[in-house]
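Biologist: I would like to learn how to read salt bridges in a model. Please show the chain, then start with the terms.

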Amino acid sequence: MKTDERRGAATVGGVEKVSRALWVEEPAARYRMPDPVRTAAVRAVIIASVTLIQAMVAFLSTLAGSWLAFPMVLSSVASTVVATWSVLDVWVTRQVWNQRNGVVSSPSSTARQLRRERRLARRAARRAARRAPRTGPDARASGSPARGAAAAAGPPRVAAPAEQPGVSGPRQAPASV
């Protein structure tokens with residue numbers, strides 16, 4: 001019995017009909033590693049595999065009594081140090097990448113929440129102050145409750161440069177501009 005027959009696929013004219021798609025896309029369980037981290041990981045795997053091959057050659061040449069045993073043992077020790085360093089490099093690269101690029105900014109912090117609440121309260125107070133009718137002596141002088149006495153007095157007068165305290169003559173732009 002063939003696999004498709006066990007699945008219950010019907011045969012049409014001697015050709016079995018496959019009941020499922022050839023390629024099924026499945027969601028990834030984990031996201032792809034960032035490029036710098038993946039590069040460091042590939043480098044670490046290559047260095048670790050070369051180290052294991054050197055250790056195996058050193059062991060076998062020691063058993064055989066070959067002259068190659070001593071240089072291979074020395075290079076295996078050096079390669080072990082390099083392999084350890086490369087694995088540490090993967091970890092450091094991953095941490096650096098996460099700090100620079102991978103931080104997900106989510107408003108879950110208590111401080112952020114408090115700032116947001118204060119900001120919304122200030123906005124609501126400003127809106128309420130704009131909509132509330134003004135009361136007092138200034139509001140009665142004018143027909144418009146929003147403008148008060150400022151509208152009755154006319155446009156504001158701008159003082160000439162000579163009248164302003166601490167200013168003499170025409171204004172000049174700062175030297176840094």
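Modeller: Start with accessibility: buried means under 20% relative accessible area, exposed over 50%, and partly exposed in between, with a 1.4 Å probe and protein chains only. Arg43 has a relative accessible area of 40%, so Arg43 is partly exposed. This is a predicted model, in which local features need pLDDT of at least 70 and side-chain atom pairs count only at pLDDT 80 or more, while totals for chains, interfaces and linings use all residues. Residues are numbered from 1 along each chain as its sequence is written, and side-chain values use heavy atoms, with hydrogens and water left out.

Biologist: How many salt bridges are there by the rule used here?

Modeller: Side chains of opposite charge can pair when their charged atoms come close. The rule asks for a side-chain nitrogen of Lys or Arg within 4 Å of a carboxyl oxygen of Asp or Glu. The count comes to three salt bridges.

Biologist: Which residues are linked in a network of salt bridges?

Modeller: The network links Arg32, Asp35 and Arg38. Between Arg32 and Asp35, the closest N and O atoms are 3.7 Å apart. For Arg38 and Asp35, the N to O distance is 2.6 Å.

Biologist: Where do Arg38 and Asp35 lie?

Modeller: Helices are DSSP runs (H or I, at least four residues), numbered from the N terminus. Arg38 and Asp35 are both in helix H2 (residues 35-64), three residues apart, which is about one turn of the helix.

Biologist: Is Arg32 buried or exposed?

Modeller: Arg32 is exposed, because its relative accessibility is 64%. Asp35 counts as partly exposed at 45%, and Arg38 is partly exposed at 26%.

Biologist: Which residue forms a salt bridge with Arg43?

Modeller: Asp89 does, with the closest N and O atoms 3.0 Å apart. Asp89 lies in helix H3 (residues 69-100) and Arg43 in helix H2, so this pair ties together parts that are 46 residues apart in sequence. Asp89 is partly exposed, at 26% relative accessibility.

Biologist: Thr93 also lies in helix H3. Which residues does Thr93 touch?

Modeller: A contact means heavy atoms within 4.5 Å. Not counting residues up to four places away in sequence, Thr93 touches Pro36, Val37 and Ala40. Thr93 has a relative accessible area of 17%, so Thr93 is buried.

Key
Helix = DSSP H or I, 4+ residues; strand = E, 2+ residues; numbered from the N terminus.
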